[in-house]
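Here is a friendly note to read alongside the model. Please keep the picture open and follow the points one at a time.

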Amino acid sequence: MGEETKGNLSTDSRSANDTSNEKNGETADGGVKFYTLEDVRVHNMSNDTWLIIHNKVYDISSFLEEHPGGEEVLLEQGGADATESFEDVGHSTDAREMLQQYYIGELHMDDRNKNTKEGQVTNSGESRSSWVMWLVPAIAAAVVGIVYRFFMFEHKSS
């Protein structure tokens, strides 16, 4: 019974938003609307806020004031891919289920590939810098330790 309600909520929400945003998305044969990154980017105002999470587009305009973390957090991500921020916070199962009622469509396939490529470049750069962040201090500490021991050993033998 709960599953039927969730299904109806997302269907009702999608049909209400589809009529108001017909110009923005392409509808596939299955009835799912596809939005480009450009379509989503223009929806970044407090009265009109869309997010991309896991390649799904959500119109969260009506949820801004209800968000437990405050509306500013959502507005910062408005009109963009918020997947990483959404996952970093560690949202509950209830929050993930609640998200479904704001679902309006999917990110266009061409833009999914762009997001993945950009993410891969960024991630590889971050992984390189992360090992450098601990390697440089470790080497510096080792050098300081060796120099200290050398001077202390020389000082005792004099």
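Predicted model: local features only at pLDDT ≥ 70, side-chain atom pairs only at ≥ 80, totals over all residues.

**Notes on the fold**

1. Residues are numbered from 1 along each chain as its sequence is written, and side-chain values use heavy atoms, leaving out hydrogens and water.

2. Now for the overall plan. The protein chain contains six helices and seven strands. Going along the sequence, they come in the order α-β-β-α-β-β-β-α-β-α-α-β-α. Among contacts in the protein chain with a separation of 6 or more, 64% are between residues 24 or more positions apart; a contact means heavy atoms within 4.5 Å.

3. How much of the chain is buried? Of its 158 residues, 28% count as buried. The cut-offs are under 20% relative accessible area for buried, over 50% for exposed, and partly exposed in between (1.4 Å probe, protein chains only). The protein chain exposes about 10,900 Å², and carbon and sulfur atoms supply 56% of that area. Accessible areas come from the Shrake-Rupley method with a 1.4 Å probe, and for residues only the protein chains shown count as cover.

4. Come back to β7, please. This strand (residues 103-107) is mostly covered, with five of its five residues buried.

5. In soluble globular proteins, nonpolar side chains tend to be buried together.

6. What does F86 touch, leaving aside residues up to four places away in sequence? The list is I53, H91, R96 and L99. R96 is also in a salt bridge with E87, where the closest N and O atoms are 2.9 Å apart. By salt bridge I mean a side-chain nitrogen of Lys or Arg within 4 Å of a carboxyl oxygen of Asp or Glu. E87 is partly exposed because its relative accessibility is 31%, and R96 is partly exposed because its value is 31%.

7. The structure holds four salt bridges. In one of them K56 is joined to E106, with the closest N and O atoms 4.0 Å apart. K56 lies in strand β5 and E106 in strand β7, so this pair links distant parts of the chain, 50 residues apart. E106 has a further salt bridge with R112, at 2.7 Å between the closest N and O atoms. Through shared partners, K56, E106 and R112 form one network. E106 counts as buried because its relative accessibility is 13%, and R112 is buried at 17%, whereas K56 is partly exposed at 30%.

8. Have a look at the loop between β4 (48-53) and β5, where H54 is found. H54 has a phi near 55°, a positive value in a residue other than glycine. N55 lies in the loop between β4 and β5, and its phi is positive at about 60° although N55 is not a glycine. Most residues other than glycine have a negative phi. H54 is partly exposed at 42% relative accessibility, and N55 is partly exposed at 26%.

9. Finally, turn to the surface. I139, V143, V147, F150 and F151 form a nonpolar patch with about 480 Å² of accessible area together. Patches are made of residues with over 30% relative accessible area and no salt bridge; like charges are joined within 9 Å, and nonpolar side chains (Val, Leu, Ile, Met, Phe, Trp, Tyr) within 5 Å. F151 is in helix α6 (residues 109-157) and counts as exposed because its relative accessible area is 53%.

Definitions and conventions. Helix = DSSP H or I, 4+ residues; strand = E, 2+ residues; numbered from the N terminus.
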